[in-house]
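User: Please take me through this structure by way of questions and answers, with each criterion spelled out where it is used.

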Amino acid sequence: MTQQEAFEAQTEALRFGDRKEKGIWRKFRFFLQDHPTPLVWGWKLAEAVLKRMGGLFERIGVKRSSRWMTPVEELIKKPIFDCQMCGQCILHSTGMTCPMTCPKQLRNGPCGGVRMDGKCEVIPEADCIWVKAVERSAKTSYSNEIGKLNPPVDWQLHKTSSWVTVAIGRDQVVTGSGSGPHHASEVISS
Ligand code: SF4
């Protein structure tokens with residue numbers, strides 16, 4: 001594989017994830033997400049637990065904790081949400097719909113190309129992720145968060161555990177912003 005081909009493969013994987021799921025499981029996943037109440041309960045429980053684990057993760061070491069938690073998180077969230085492991089989860093704000101599954105990975109609403117029938121500009125046979133997010137959000141107790149302005153995704157956290165970033169309180173912190181003691185470089189290198 002040439003360097004150019006390797007770069008293109010890497011870019012493709014980054015942009016579209018490695019989604020290979022098909023058929024019945026995909027339909028079941030969409031059904032679950034279209035009826036998000038149990039998923040919201042799961043998130044509330046997880047959040048309550050994680051918020052108490054920040055100190056423990058800090059003592060263990062944030063990088064080490066993330067290394068241990070990443071496979072567990074991916075194992076659970078990949079099949080249910082097609083999670084792309086961005087490291088800064090905003091699922092509950094977007095109707096339990098992962099915005100990183102948008103081909104353009106938009107975190108703040110749809111692009112200008114969403115079709116009149118609610119389909120994606122890039123993948124015409126797929127629903128626009130943000131149309132789904134708005135529809136599903138109305139069925140959750142976080143419907144007021146759908147219009148929230150989310151910080152740009154911090155790519156230094158790609159493939160790290162968002163559970164750890166939630167626990168240590170840097171899930172909404174932008175690297176270099178100066179807000180909060182935790183920056184991506186600490187998560188990666190501590
Ligand atoms: S961690 Fe990021 S990629 Fe994974 S579900 Fe949450 S928002 Fe999506």
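Analyst: A residue is called buried if 20 or more other C-beta atoms lie within 10 Å of its own, exposed if 12 or fewer do, and partly exposed in between, with C-beta atoms placed from the backbone. The model is predicted, so local features need pLDDT of at least 70 and side-chain atom pairs count only at pLDDT 80 or more, while totals for chains, interfaces and linings use all residues. Residues are numbered from 1 along each chain as its sequence is written.

User: How many helices and how many strands does the protein have?

Analyst: Helices (H or I, at least four residues) and strands (E, at least two) are DSSP runs numbered from the N terminus. Read along the sequence, the pattern is α-α-α-α-α-α-α-α. The count is therefore eight helices and zero strands.

User: By about how many degrees does α5 bend at Met69?

Analyst: Helix α5, residues 62-81, has 20 residues, yet its end C-alpha atoms are only 24 Å apart, short of the 28 Å that a straight helix would reach at 1.5 Å a residue; that expected span is 1.5 Å times one less than the number of residues. Met69 is itself among the buried residues of α5, together with Val62, Ser65, Ser66 and Glu73, and a proline, Pro71, follows the bend within four residues. Taken as the angle between axes fitted to the seven residues ending there and the seven starting there, the bend at Met69 is about 35 degrees.

User: Why does Met96 count as buried?

Analyst: Met96 is also placed in the loop between α5 and α6, and it has a positive phi of about 55 degrees without being a glycine. Met96 counts as buried because its C-beta neighbours inside 10 Å number 27.

User: Which residues are closest to the ligand?

Analyst: A residue is near a molecule if its C-beta atom, placed from the backbone, lies within 6 Å of it, and 13 residues surround the ligand. With Ala, Val, Leu, Ile, Met, Phe, Trp, Tyr, Cys and Pro counted as nonpolar, Asp, Glu, Lys and Arg as charged, and the others, Gly among them, as polar, this shell has 10 nonpolar, two polar and one charged residues. The closest are Cys83, Cys86, Cys89, Cys98 and Met100.

User: With which residues is Val114 in contact, leaving aside its neighbours within four places in sequence?

Analyst: Val114 lies in the loop between α5 and α6 (129-137), and it counts as partly exposed because 17 C-beta neighbours fall inside 10 Å. Two residues are in contact if their C-beta atoms, placed from the backbone, lie within 7 Å. By that criterion, the contacts of Val114 are Glu121, Cys128 and Val131.
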